[in-house]
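Have a look at the sequence and the fold, then read on.

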Amino acid sequence: QVQLVESGGGLVQPGGSLRLSCVVSETIFSIYDMAWYRRPPGKQREMVAVITTGGATNYADHVKGRFTISRDYGKNTVYLQMNSLKAEDTAVYYCHADSTLSDAIDYWGQGTQVTVFS
């Protein structure tokens, strides 16, 4: 079965940095576009960053220049490096895998909490 296992969330001061990791089943990692989403308290889930199998990236405007998404094919892991964190970055962050072979197949991680003190 496909699994996405996230880690790296926690408490951080404003202006600080945090690196999230998502270990993905090796059977799908190379053929899935990866993304990070987040759900702030009281708000809907929103896309944060996307990285395709080819390495192309896209970021939400409010994180552009501060966050960096990357993937390591050797470790079957996608990362989200978060710098210059703000209080509004507080959210549950979810790893997402989107099949490049089917529009109907995607997977979600369990989420990891990121809390930034104001």
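Which side chain does a polar contact of 2.9 Å join to that of R38? The partner is H62, where a polar contact is a pair of N or O atoms within 3.5 Å, one able to donate a hydrogen and the other to accept it, with residues adjacent in sequence counted only if both atoms are side-chain atoms. This is a predicted model, in which local features need pLDDT of at least 70 and side-chain atom pairs pLDDT 80 or more, while totals for chains, interfaces and linings use all residues. Residues are numbered from 1 along each chain, and side-chain values use heavy atoms, without hydrogens or water.

**Around R38**
- R38 sits in strand β4, residues 32-39 (strands are DSSP runs of E, at least two residues, numbered from the N terminus).
- With a relative accessible area of 2%, R38 is buried (under 20%, 1.4 Å probe, protein chains only).
- A second polar contact, 2.7 Å, links the side chains of R38 and Y93.
- Beyond four places in sequence, R38 has contacts (heavy atoms within 4.5 Å) that include E46, F67 and D89.

**The nonpolar core**
- The largest nonpolar core has 29 residues, and those touching the most other members are M34, W36, V78, L80, M82 and Y93 (such a core is a set of buried Ala, Val, Leu, Ile, Met, Phe, Trp, Tyr and Cys residues joined through side-chain atoms within 4.5 Å).
- Elements giving two or more residues to this core include β4, β8 (77-82) and β9 (91-99).

**Around T90**
- T90 lies in the loop between β8 and β9 and is buried at 14% relative accessibility.
- The T90 side chain reaches the backbone oxygen of A87 at 3.0 Å, and a polar atom of that side chain lies 2.9 Å from the backbone nitrogen of V116.

Notes:
Helices (H or I, at least four residues) and strands (E, at least two) are DSSP runs, numbered from the N terminus. Buried means under 20% relative accessible area, exposed over 50%, partly exposed in between (1.4 Å probe, protein chains only).
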